[in-house]
Structures are given as C-alpha cells and as structure tokens.
Amino acid sequence: MLSAFASALLLAAAQDGCVDHSAYDFDLAGARLREVEIIRSEPAGRSETGRFPDGTVVTVSAAYCTDPVITMTVDAPLDAQNQMRLGQLMGRLDIIAGCTTNDWAAHDASLAAAAAAVEAGDAWDNEGAPIAGTGEGGEITLDVRPVDGRLHAIFVCTRAAG
C-alpha cells in the first residue's frame with residue numbers, strides 16, 4: 001500500500017499545486033474494514049469509508065494541495081474499550097497512510113487522557129498538540145468527544161511538504 005501511495009505521489013501529474021489522487025486508494029479492505037466505498041475521488045483529494053465488525057465507521061481523506069494531510073474520522077461505540085480502540089485506530093492510520101508513532105510515552109499518555117475524558121463525558125483535543133511525537137511519519141493530532149453514546153474522533157496526520 002505505501003509503495004503504491006508513494007508511487008502515485010511521485011508519478012502523478014501536479015495540477016494547480018495538487019497531486020492527482022484519482023490513481024490510488026487507501027486499501028481499507030486490506031486494513032480489515034468492510035463495506036468499503038469511495039466517497040470522493042478527484043485530482044485534489046480522495047475519501048473512502050469502511051466499517052469494522054464492532055460497528056466502528058472510519059473515513060479516510062487526503063488532500064495534498066498545501067501540506068500533505070490525511071484525516072481519519074471515526075464513529076465508534078462508546079464503551080470500556082475506548083483506549084484500546086483508539087490505539088488500534090492509530091495502528092490502522094499507520095497501515096493505511098504511513099502515519100507513525102514517534103514517541104510511545106506521549107502516545108500512551110495521550111490515549112489514556114482521551115479515554116478518561118470521553119468516559120467522563122468530556123471532549124479532548126490535547127490543545128492541538130501532536131499526540132505521538134513528530135518525525136518521518138508526520139505529526140498526528142487527535143480530537144475525541146462523546147456524542148449520543150458514541151465515540152467521535154478525528155485523527156489528522158500532517159506530513160512535511162516536499
């Protein structure tokens with residue numbers, strides 16, 4: 001998947017400063033999501049969605065018109081597995097888009113704080129700071145909130161341009 005993604009980035013023709021995203025996919029089925037469908041596919045960006053067996057719905061979107069940014073939105077059950085689920089989703093973000101954890105202590109502390117907040121009925125966003133360090137895989141931020149008995153999360157991976 002990553003090699004296909006990298007090849008698409010290198011080989012795709014730039015159009016108005018954007019990379020043509022219509023030539024690749026995120027391989028959500030390969031990341032064990034079901035009912036995968038393409039929501040948007042155009043030169044400026046791509047969005048795909050899929051579902052895990054537990055009812056977690058994941059949507060991954062990419063836009064490369066300014067900085068390389070990959071966004072993964074999540075609608076999941078809100079239960080005792082919140083911290084574990086967030087960790088698994090971070091792993092899926094790495095599989096899907098190569099957005100890696102660079103600081104495991106920060107990663108663990110961030111996910112524990114996010115899970116504690118939603119279990120208390122509060123939102124958590126780490127004040128916009130990265131949740132897992134910065135490095136080759138980019139900078140990952142997380143916004144989590146409970147909504148109507150569900151866990152809503154937005155992971156954003158921003159990579160250095162170039």
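**Strands, a disulfide and a pocket**

Me: Which residue of β9 does leucine 142 stand opposite?
Reply: This is a predicted model. Strand β8 covers residues 138–147 and runs antiparallel to β9, with nine bridges joining the two. Leucine 142 stands opposite a residue of β9, phenylalanine 155.

Me: What is the bridge partner of aspartate 75 in β9?
Reply: Strand β6 covers residues 69–77. Nine bridges join β6 to β9, and the two run antiparallel. In β9, the partner of aspartate 75 is histidine 152.

Me: Which residues make up the covered face of β9?
Reply: In a regular strand, side chains alternate between the two faces of the sheet. Strand β9 spans residues 150–158, and its uncovered face holds Arg150, His152, Ile154, Val156 and Thr158. The covered face is made up of Leu151, Ala153, Phe155 and Cys157.

Me: Which residue in the turn between β8 and β9 has a positive phi?
Reply: β8 and β9 form a hairpin. Two residues lie between the strands. The one in the turn with a positive phi, about 50 degrees, is aspartate 148.

Me: How many residues apart are cysteine 99 and cysteine 157?
Reply: Their sulfur atoms lie 2.3 Å apart, and a disulfide needs them within 2.5 Å, so the pair counts as one. The pair links distant parts of the chain. Cysteine 99 is in the loop between α2 (82–97) and α3, cysteine 157 is in strand β9, and the separation is 58 residues.

Me: Is the link of cysteine 99 and cysteine 157 left-handed or right-handed?
Reply: Both cysteine 99 and cysteine 157 are buried. The angle about their S-S bond is -100 degrees. That link is left-handed.

Me: Is glutamate 35 buried or exposed?
Reply: Glutamate 35 is found in strand β3, residues 34–42. Its phi is positive, near 50 degrees, and it is not a glycine. Relative accessibility of glutamate 35 is 60%, and the cut-off is over 50%, so it counts as exposed.

Me: What is the relative accessibility of asparagine 126?
Reply: Asparagine 126 is found in the loop between α3 (104–119) and β7 (134–135). Phi is positive here too, about 55 degrees, although asparagine 126 is not a glycine. Asparagine 126 counts as partly exposed because its relative accessibility is 24%.

Me: What is the volume of the second largest pocket?
Reply: Its lining includes Phe52, Met84, Arg85 and Arg92. The lining residues divide into four nonpolar, three polar and three charged. The volume of this second largest pocket is about 170 Å³.

Methods. Residues are numbered from 1 along each chain as its sequence is written. This is a predicted model: local features need pLDDT of at least 70, side-chain atom pairs count only at pLDDT 80 or more; totals for chains, interfaces and linings use all residues. Side-chain values use heavy atoms; hydrogens and water are left out. Buried means under 20% relative accessible area, exposed over 50%, partly exposed in between (1.4 Å probe, protein chains only). Helices (H or I, at least four residues) and strands (E, at least two) are DSSP runs, numbered from the N terminus. Two strands pair if DSSP finds at least two bridges between them. On a 1 Å grid over the protein atoms alone, a cavity is a set of points where a 1.4 Å probe fits but cannot get out, and a pocket is an open set with protein on both sides within 12 Å along at least five of seven lines; lining residues have an atom within 4 Å of a point. Grid points are joined across faces, edges and corners, and a volume is the space filled by probe spheres set on the points. Ala, Val, Leu, Ile, Met, Phe, Trp, Tyr, Cys and Pro count as nonpolar, Asp, Glu, Lys and Arg as charged, and the others, Gly among them, as polar.
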